[in-house]
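Work through these exercises with the structure open beside you. Try each task before you read its solution.

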Amino acid sequence: MIEVDADGVVEFTQALVRIPSTNDPARGRCERPAAELVEARMREWGWDPVVYEAAPGRPNVVAVVEGGGGPGPTLMFEGHTDVVTEGDLSSWTVDPFGGEIRDGKLWGRGSADMKSGLAATLYATRALQLAGTFPGRVKVCALADEEGLMLGAHHFVSSGLASDVDGAIVAEPEAGEICAVAKGALRLRVDLTGRMAHGAMPQHGRNPIAAAGTLLTGLRSLQEELQRRHPAHEHLGEVYVTPTVLRAGSEEQVNVIPAVASVFVDVRTVPGADHKEIADRVAALARAEGISVEVSVLVDRPPVDVPRSDPVVAALAAAHRAVTGEEPVYGGVPGTTDGTVLTHWGGVPSVVYGPGGKWIAHQADEFVEVAEIVRCTRVFAEAARRFLNGDY
Ligand SMILES: [Zn+2]
């Protein structure tokens, strides 16, 4: 087994957690200082990281570590440097940016999602490098804005940096489960435009609120139909079509039929569901006489379905077995990750695996088990060795 720097990876996680890298320009916060810490550590190890601006002030840090052992594949390790806000401080019993270790747990915002995972990718790659030469190379990537629009991952792909990558391990907290499937997300905005009129003479208007009502009823039937066509996925559950925002009229104008109504819809899909078809169906449901309909796609992240036989999944499973002595548990990602972008737009098979519980992300009193950070670093090092050597 490859020897890893257990104290080093835990201390580095603490240092990362102590940087409040939320995306909050009003408070002068962003992920840049966390990215700079990652870059500095890479340079201390003699690596040559390149910093790309995914957006102004929002850096991606990418280091390529050559194995020196001849030609071979390229493995990507992916982590993100941003964290969600700490939220209301009164719901925390620890300092969200203290990085305190107590009861075998490291506490703080980002401890699980995903500064421990990011630290593990760096220390695993360093351990592999110190263990000797290996074929191919490892691309260690600390990307920006995963919690927002995934600008970092989109920039990484559109700059061509994914084109030579053969497999990616995304270090999100999944409680030690190997997640090669992820749910898709499609967010739509439907604008219904009719004709404004006086409430006393509705016959002169076209009421978009009535059309919105028809649409809402139709969305329920569409969800039922999609659930019949795509039975519940063993790791991802059901398809959901959920209206989340409804806007029309104003309280001050109860005697006026408004011209416009808007309905926002959050669709969650499983492999096999076609986002374009669903968007077209929603547009058709909104159609009504005298009402013009415009559907805007706000977010389109298709589901991910990488087979267990893919080298990156197989190597990770073999490493998990070798390091923990236990059979791997397979699971699914309920939301979307940078892996969605890498797989769909970058053509890279991705798998999500990392320290920390699945449900602790984004909550108050976020924590990660210290032992889990170290174990995951060992699994990552072993997975990289196996993937690059074709030993899985
Ligand atoms: Zn995350």
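**Exercise 1.** Which strands does helix α1 lie across, and at about what angle does it run to β5?

*Solution.* Keep in mind that the model is predicted. Start by finding α1 at residues 6-17. Next, look for the strands it lies across: they are β4 and β5. Finally, compare directions: α1 runs at about 20 degrees to β5.

**Exercise 2.** Give the strand order of the open sheet of three strands. Then explain why one side of β4 and of β18 has no neighbour in the sheet.

*Solution.* The order is β4-β5-β18, and the pairing is antiparallel. Now check the edges. β4 (101-102) and β18 (367-369) each have a single partner strand, so one side of each is left without a neighbour in the sheet.

**Exercise 3.** How many bridges join β5 and β18, and which residue of β18 is the bridge partner of W107?

*Solution.* Take β5, residues 105-107. Its antiparallel pairing with β18 spans three bridges. W107 has F367 of β18 as its bridge partner.

**Exercise 4.** Describe how α5 and α6 pack, and sort their contact residues by class.

*Solution.* First, the geometry. Helix α5 (residues 208-229) and helix α6 (residues 275-286) pack at about 150 degrees, with axes 9 Å apart. Their crossing is right-handed. Second, the residues. From α5, the contact includes L215, L219 and L222; from α6, it includes I278, V282 and L285. Third, the classes. The contact has eight nonpolar, one polar and four charged residues.

Key
Residues numbered from 1 in each chain as written. Predicted model: local features only at pLDDT ≥ 70, side-chain atom pairs only at ≥ 80, totals over all residues. Heavy atoms only, no water. Pairing = 2+ DSSP bridges. Helix = DSSP H or I, 4+ residues; strand = E, 2+ residues; numbered from the N terminus. Contact = heavy atoms within 4.5 Å. Axes fitted to C-alpha atoms, helices over the stretch in contact; angles between N-to-C directions. Left-handed = near helix turned anticlockwise from the far one by under 90°. Nonpolar A, V, L, I, M, F, W, Y, C, P; charged D, E, K, R; others polar.
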